[in-house]
Amino acid sequence: MTDTFHHLRVNSDRMLAAFNELAHSHRLGATGDGGVNRPTFSEAHLTARKWFHEQIKTAGLEFRTDGAGNYSAFLAANVTPALPGTWTRDRCTPGNLLSKSSVASEAKQSPTYMEIASSHQSLLAMTPPTLLLGSHLDSVPNGGRFDGALGVMAAFEVLRTIKEAGLKLRLNLEAIDFTDEEGTLVGLLGSAALAGHLHRDLLQNPRGRREALLEGMKRAGLSEESMLSAARPKNSLAGYLELHIEQGKRLERAGLDIGIVSAIVGIWSYRLSFIGRADHAGTTTMDDRLDASLGASAFTLAAREIVMKDFPDCVLNIGNMEFTRGAFNIVPARVDVSLEFRSPEEEEFQQLDRTLLECAKQEALRFGLEVKAESLGKHSPTLMSETVQRAFADACDDLGLKHTSLVSGAGHDGQSLADICPVGMIFVPSVDGASHSPREFTEWGDCVNGANVLLQAALRLAA
Ligand code: GLV
Ligand code: MN
Ligand code: MN
C-alpha cells in the first residue's frame, strides 16, 4: 500500500455536528428522550432527507436520487487506470467479483485491492463502477438516533474527507441513504429496488400494508412504476460498505473496537390471523366463546418454547397484535399477529417455518378458531465478501483497533446487494447492546473509529 492516503482521517467535529443535528433536531425526527421517530416517508423522514440534500450541496458534492427515493452524495472517479496486464478473464471476471459465489473464489485467489479496481475499470471501459457506502435515515417508531443515521453520516463524511484531500480515485464513490431499510412499509426497499430485486407483488402486499405504502410514495413524489425502474445497470457497482452500530453486547463485553461482519441473518415474516367470533363480553359464558386472543396468546408462548428448545441459533419475535374489533366489551373475533423469525442458516428456515405453522394450527384448533398465514417476506442469510472483510481488517490493523469477526442478527441493506456486488459491514460497540429504542448509545470515539475504518477500507478498494 502506498502512503498517499494512509494518514488520512475523517473530521470528527464536522461529522459530529451533522450527526447531532439529525439526532437532536425536532423537525428531523428527534423525540426529546434521546431517540428519533422517523418512519419511512413520514414528515420527519422527508424533512431529514431534504436536510441531507442541503448538506450534500453545501459540501460541494453532487446530489443524486432515483425512482426508489434513495438519496446520495456522489464523488466521481478522477483517474483512468492502466489496463491490468497480468489479469486473465479466468482469474478476474465480473462473475468472480460480482456474484455471491465469489466468496470462495476470492478467498482462493486473493486479488489485491488495486487489481479489483483495475479489473472493473477495464471491463467497464468508459464508465467507472461505483463503490457505495451508506446506510439509512429512516427509523423504527421511537427508535434510536444511531441506527442507520451513523452509517449515512459516516459515509458522507468519508466523501467529504476524500474530496477535501483531493485524492485520486479509480472508482466513483457514493454515500447513500437507502429508502425503508427498517421495513415500516416493505423492508430493504431502496436497496432491493437498486439491485433489481423489487417485484410488483412485494409492493402489492407489503408488510406495512398497501394503503400506507401508496400514501407514503405519494408524499415522497414516487410511484410503483418509479420504484420498479430504479435498478442500476448490471456491473455498475464495485461494492457496498456499511458502518453500523452492533445493536448487541458482544463487542462491549469483549472490550473490542470493531466487529467485521461475516454474514447477515435471514429474516422471514408472516401475518398470522386467528379468527373466531365476536360476542358480548358480559353475557357469553366462558366456555361458549371463540376468542381469537386465546389462539394468538397461546401461539406466542408455544413459539417461544419451540425456538428456545429446538432452534437455539434462531430468534423469533411477535411484535404486534391487532384486535378486530378491539374493545373492552367485545370478545375479539380476529387477531392479526406480526410474526418474524431469523436464522443464520438457510436450511433451518424450512424446518422452523413448518414447525411454527403447525403450532399455529394446533393452537387455533384448541380454541375453536381458524388460522390464516400470509407470508410477507423471505430474506435469505447473506455472506459478506472476503475481499471487503480483508480490507476492513487491514484498515483496523493499520489504525491499531482491536477487531473480531461476527454474524449480524439484524437485517441490513447489504442483503439486497450481495448477489450483484461484493458487500461488507463493520459494527461499533453499542452500550448495553440497546437498539430500536431511545436508549441506543455508542461512544463518539467508537463512532469515529468506525468512520476511519470505513474511510481506509474504501480507499483500499477505490484509490
Ligand atoms: C433492522 O433493523 C432489522 O433487523 O429489523
Ligand atoms: Mn439499521
Ligand atoms: Mn434498525
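This note goes through a predicted model of one chain with a ligand, point by point.

1. Basis. Because the model is predicted, local features need pLDDT of at least 70 and side-chain atom pairs count only at pLDDT 80 or more, while totals for chains, interfaces and linings use all residues. Residues are numbered from 1 along each chain as its sequence is written, chains are lettered from A and ligands numbered from 1 in the order in which they are written, and side-chain values use heavy atoms, with hydrogens and water left out.

2. Overall make-up. The chain holds 16 helices and 17 strands. Helices (H or I, at least four residues) and strands (E, at least two) are DSSP runs, numbered from the N terminus. Of the 463 residues in the chain, 57% are buried. Buried means under 20% relative accessible area, exposed means over 50%, and partly exposed is in between (1.4 Å probe, protein chains only).

3. Contacts and surface. Among the contacts in the chain with a separation of 6 or more, 80% are between residues 24 or more positions apart; contact means heavy atoms within 4.5 Å. The chain exposes about 19,400 Å², and 52% of this comes from carbon and sulfur atoms. Accessible areas come from the Shrake-Rupley method with a 1.4 Å probe; for residues, only the protein chains shown count as cover.

4. Ligand surroundings. Which residues are around ligand 1? They are E181, E182, R342, A410, G411 and H436, where a residue is near a molecule or strand if one of its heavy atoms lies within 4 Å of it. This shell divides into one nonpolar, two polar and three charged residues. In this grouping Ala, Val, Leu, Ile, Met, Phe, Trp, Tyr, Cys and Pro count as nonpolar, Asp, Glu, Lys and Arg as charged, and the others, Gly among them, as polar.

5. An N or O atom in the side chain of R342 is 2.7 Å from an oxygen atom of ligand 1. For the side chain of E182 the corresponding distance to an oxygen atom of ligand 1 is 3.0 Å. G411 takes part through its backbone, with an N or O atom 2.7 Å from an oxygen atom of ligand 1. Taken alone, ligand 1 exposes 190 Å², and the protein buries 90% of that. A polar contact is a pair of N or O atoms within 3.5 Å; within protein, one must be able to donate a hydrogen and the other to accept it, and residues adjacent in sequence count only if both atoms are side-chain atoms.

6. Helix 9. This helix spans residues 210–220, and its buried residues are L213, G216 and M217. Why are they on the same side of helix 9? They cover an arc of only 100° around the axis, which puts them there; the arc is that of the directions from the helix axis to the C-beta atoms. An α-helix has 3.6 residues a turn, so residues three or four places apart point the same way. The cover over the buried residues of helix 9 includes helix 7 (189–195), helix 8 (200–204) and helix 10 (224–228). After helix 9 comes G221, with a positive phi near 75°.

7. S343. This residue lies in strand 13 (residues 334–343). S343 counts as buried because its relative accessibility is 0%. Its side chain makes a polar contact of 3.0 Å with the side chain of E348. Leaving aside neighbours within four places in sequence, S343 is in contact with V265, G266, C314, E348, F349 and P381.

8. Backbone points to check by eye. The peptide bond from T324 to R325 is cis, with omega near -20°, and R325 is in the loop between strand 11 (315–324) and strand 12 (330–331). F41 is not a glycine, yet its phi is positive, about 65°; F41 sits in the loop between strand 1 (35–36) and helix 2 (43–58) and is buried, with a relative accessible area of 0%. N235, also not a glycine, has a positive phi of about 70°. N235 is in the loop between helix 10 and strand 7 (237–245) and is partly exposed at 25% relative accessible area.

9. A154, in helix 6 (residues 149–165), is 296 residues from G450 in sequence and 8.1 Å from G450 in space, C-alpha to C-alpha. A154 is buried, with a relative accessible area of 0%. Neighbours within four places aside, A154 is in contact with M15, L243, A451 and L454. D310, in helix 12 (residues 292–310), is 42 residues from L352 in sequence and 8.9 Å from L352 in space, C-alpha to C-alpha. At 45% relative accessibility, D310 is partly exposed.
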